[in-house]
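Thanks for coming. I will show one structure and go through a few of its features. Please have a look at it before I go on.

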Amino acid sequence: MSLDKEKIKHVAKLARISVDEAKVDSLTKDLNSIFKFIEQLNELNTDKVEPLTSILNQSLRSRKDEISDGKIREKILKNSPKKNEEFFVVPKVVE
Amino acid sequence: MSNITNQSLSEILEKIKSKKISSLELTQAYIKNIENAKKLNTFVTTTFDQALENAKKFDNKPNNEQLLSGIPLAVKDLFCTENVKTTAGSNILNNFIPSYESTVTKNLWTNGAFLLGKLNCDEFAMGSSNETSFFGNVINPIGDHLVPGGSSGGSSSALAADLTPATIGTDTGGSIRQPASFTGTVGLKPTYGLCSRWGIVAFASSLDQAGPMTKTVTDCAIMLEAMSGFDEKDSTSINKKKETYSKNLKDNIKGLKIGIPKEYRVDNMPKEIDELWEKGKKILKDLGAQLIDISLPHTKYALPTYYIVAPAEASSNLARYDGVRYGYRSQKGKDLIEMYENTRSEGFGDEVKRRILIGTYVLSSGYYDAFYLKAQKVRQLIKKDFDDSFIKVDAILTPSTPSSAFKIGEKTNDPVSMYLNDIFTVPVNLAGLPALSLPAGLDKKGYPLGLQLIGKALDEQKILNIGYAFEKNCGYKNEIKKWWS
């Protein structure tokens, strides 16, 4: 299997990263060498193996559905690159 | 007094507690060293005023009952620190000032330490040489042309150069142990779940684990004791009684069974690494340990597995950087989608983008089974290798890395050769086990080399004990000329 430039542009679109046209060639080369390395896994027959989904032999704890925090709007908005008093501001979405 | 900074944390603590030195004098000594070591590029942010303030506060009202009484510490810039900029080595977080403190750093401060500054690292901890940082590469104090390892390269370099008495890093695939090995220092990756991940900038959540980086094994035990512990805010935190690792350190390892995995003798491994491993085996044997040959048959599949699992989790974790809620935002783009795309393209560096693309691809529709599910199955086999071995042995001894520190720029054009650096460290992360890297010798160029002790889950005390006995009998001493000041 190999990744072509079109496929990489498609994946970049999915990942919301714009890719500089001048860099597509070197990116294609790098990603293909990485995937070639990854494909060693195909040597192994894993038909009867259960996938490992958690390294801990316990299920994740759940907490009570109660508010443990709150009234920190100012703190949450503090690091936003663009905001007004109550909201994050983004480029216009609806015409 | 002038040489206080080249002593170990435990020696310094003894001097603070017996009032041979004040916390203020200690802090001033480190600040002086840091100001003279700008060439190493270890610090992204310094918090000197705050540190001096905290030192004075301690001296006025000393509490000597704490694990880290009056100790200034610099930490990797991946730990969120309240009101102190936290960048993760990335342009996308270059203006991020958390309004909260990570649990692990909070634990250090509760035990009497205070912040000296934030240490450079590979961007989002993705790298093995500290060359992917937005803030430039870090230099290894061992030599001006050498990388300090990565991703906790600022941490290893600062520690080895006497810019902090101890430090903490994070280890997703080797990011504590490999830089420790490259700088002749001690590094521990704890069992997954022993130290809280809350407030640490996430890379690959099923692998990430914070741990200590120190000059000695005793220091390592002190730091682990201070930073670990159950945390409600991390859903994978292990709820168990806190251990007193430093008090329980013992150097008697007679009768312990040490596994030697044959698969760690890889092709093209330098002869010096093999000789170092032999030396390590002999030391443990002379101390009364029993060496047992074991097999971890799926070792060679660990790195390919890691390069599916880690990027997949990273692509998901890093989806949060959208230029809306915090971090960098691009001014280019005519709509919301273009704003996202430009923000992420300008905000992330090449290695991070590469890994996001790998992760997005292996999780995308039609490819999930072939890559991600396959990797989860092989991860099971790798874990089983360790489970089977630990029926027979108490700990496993391997080299930490396949080479000593390499030259700056040597591997930047070949991602796979860079990844191969983590060949001995990655299996441990996939299996969630603790592992300790110990300085053990020098290669013929005079660069440090490390050996790794792998333990059973939650068996940190045992590998620390073996490390403690090893350290006493190894005769390794880090002698670094301060060429930078």
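How many salt bridges does a search of the whole structure find over all chains? The search finds 31, where a salt bridge is a side-chain nitrogen of Lys or Arg within 4 Å of a carboxyl oxygen of Asp or Glu.

First, the ground rules. This is a predicted model, in which local features need pLDDT of at least 70 and side-chain atom pairs count only at pLDDT 80 or more, while totals for chains, interfaces and linings use all residues. Residues are numbered from 1 along each chain as its sequence is written, chains are lettered from A and ligands numbered from 1 in the order in which they are written, and side-chain values use heavy atoms, with hydrogens and water left out.

One salt bridge within chain B joins the side chains of B:K215 and B:D162, at 2.6 Å from N to O. This pair links distant parts of the chain, 53 residues apart: B:K215 is in the loop between β6 and α7, and B:D162 is in the loop between α5 and β4. Helices (H or I, at least four residues) and strands (E, at least two) are DSSP runs, numbered from the N terminus.

Now the interface. Here 49 residues of chain A are in contact with 68 residues of chain B, contact being heavy atoms within 4.5 Å. Between them the two chains bury about 5300 Å², 67% of it on carbon and sulfur atoms. Buried area is the accessible area (1.4 Å probe) that two parts lose on being put together, summed over both.

Between chain A and chain B there are 4 salt bridges. The side chains of B:R354 and A:D30 meet in a salt bridge at 2.9 Å, N to O. On the side of chain A that touches chain B, α1 (5-14), α2 (24-38) and α3 (73-77) each supply at least two residues. The largest share, 8 residues, comes from α2(A).

Next, two backbone details in chain B. B:G150 and B:S151 are joined by a cis peptide bond, with omega about 5°. B:S151 lies in the loop between β3 (114-119) and α5 (153-160). B:K19, in the loop between α1 (9-17) and α2 (23-35), has phi near 60°, a positive value in a residue other than glycine.

Last, where is the kink in α12(B) centred? The kink, of about 25°, is centred on B:K374. The bend at a residue is the angle between axes fitted to the seven residues ending there and the seven starting there.
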